[in-house]
Amino acid sequence: MARAFQRRGEDVVAWLDADEREVLAQLAEQVLDVVSPQDDGPVTAGEGEVDPFDAIVAGLGTLSTDTGTPDPERSAGLDEERDPALDRLFPAGHRGDPEEAREFRRLTEGGLRQRKAGNLRTLAQAVLRPSADPGDPEAVVLDRGEAVAVLVALTDIRLVMGERLGLRTDDDADRLERVVADLDDEDPAAFALMLYDFLTWLQESLGRTLPAGPPRGGAGRTGGAA
């Protein structure tokens with residue numbers, strides 16, 4: 001049973017069992033596939049390829065929360081073949097001017113991809129490494145630099161899941177929760193929303209533990225950065 005992040009001196013610690021750790025690591029790896037720097041242009045699923053989140057949100061086509069309202073992050077008209085999740089992670093810099101938006105993306109997106117990929121690797125490494133305390137095997141201990149990286153990584157995972165689930169507004173979330181309330185607990189849609197809520201809870205608990213100001217002694221064990 002997960003326990004929320006708490007301060008422990010200069011570090012923060014949460015308690016997660018093996019299954020919870022594995023799910024977080026898998027999610028981090030899946031989103032890493034979406035955001036990793038690419039040499040050949042935008043990340044899109046090739047013919048015959050399966051979207052990394054299909055296993056999590058399988059069957060959600062009948063639960064669409066789309067009301068026909070255009071997504072403001074897709075309004076720049078940059079690339080209709082581009083994965084919409086990327087536009088949640090890397091919003092258009094100039095929504096009213098596609099040419100300016102393309103140039104902004106060209107200049108900034110590569111560095112942002114690298115930083116986000118580093119944050120996701122920090123999350124995966126942190127939850128998979130053995131606890132430093134053999135008597136407390138479920139403890140996940142983060143130094144300040146790691147905590148900042150993990151916080152951003154959790155945010156990005158939620159953004160990608162939210163896009164896959166069609167969650168763009170509070171009304172979307174309320175609508176999906178009403179639909180899922182009538183489903184069996186084993187239904188993939190119910191599991192996906194439960195997982196999204198778990199990530200939200202974990203992210204919020206981590207955010208509350210972080211003090212203001214820069215971390216002491218650098219960026220942390222793995223160098224993750226927001």
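Reader: Which residues form the negative surface patch here?
Author: Asp170, Asp171, Asp174, Glu177 and Asp197 make up that patch. Patch members need over 30% relative accessible area and no salt bridge, and like charges are joined within 9 Å. Asp and Glu count as negative, with the charge placed at CG of Asp or CD of Glu. Accessible areas come from the Shrake-Rupley method with a 1.4 Å probe.

Reader: What kind of model is it, and how are residues numbered?
Author: It's a predicted model, where local features need pLDDT of at least 70 and side-chain atom pairs count only at pLDDT 80 or more, while totals for chains, interfaces and linings use all residues. Residues are numbered from 1 along each chain as its sequence is written, and side-chain values use heavy atoms, with hydrogens and water left out.

Reader: Ok, back to the patch: which helix gives the most to it?
Author: Helix 6, residues 170-180, with four residues. Helices are DSSP runs of H or I with at least four residues, strands are E runs of at least two, and both are numbered from the N terminus.

Reader: Are Asp156 and Lys116 buried or exposed?
Author: Buried: Asp156 has 3% relative accessibility and Lys116 has 11%.

Reader: Which residue does Arg129 bridge to?
Author: Glu146, with the closest N and O atoms 2.7 Å apart. Arg129 sits in the loop between helix 4 and strand 3, and Glu146 is in helix 5, 17 residues apart. Arg129 is partly exposed at 26%, whereas Glu146 is buried at 1%.

Reader: And the largest nonpolar core, which members touch the most others?
Author: Out of 43 residues, those are Leu24, Leu120, Leu123, Leu142, Leu154, Ile157 and Met161. Such a core is a set of buried Ala, Val, Leu, Ile, Met, Phe, Trp, Tyr and Cys residues joined through side-chain atoms within 4.5 Å.

Note on methods. Buried means under 20% relative accessible area, exposed over 50%, partly exposed in between (1.4 Å probe, protein chains only). Patches are made of residues with over 30% relative accessible area and no salt bridge: like charges are joined within 9 Å, nonpolar side chains (Val, Leu, Ile, Met, Phe, Trp, Tyr) within 5 Å. A salt bridge is a side-chain nitrogen of Lys or Arg within 4 Å of a carboxyl oxygen of Asp or Glu.
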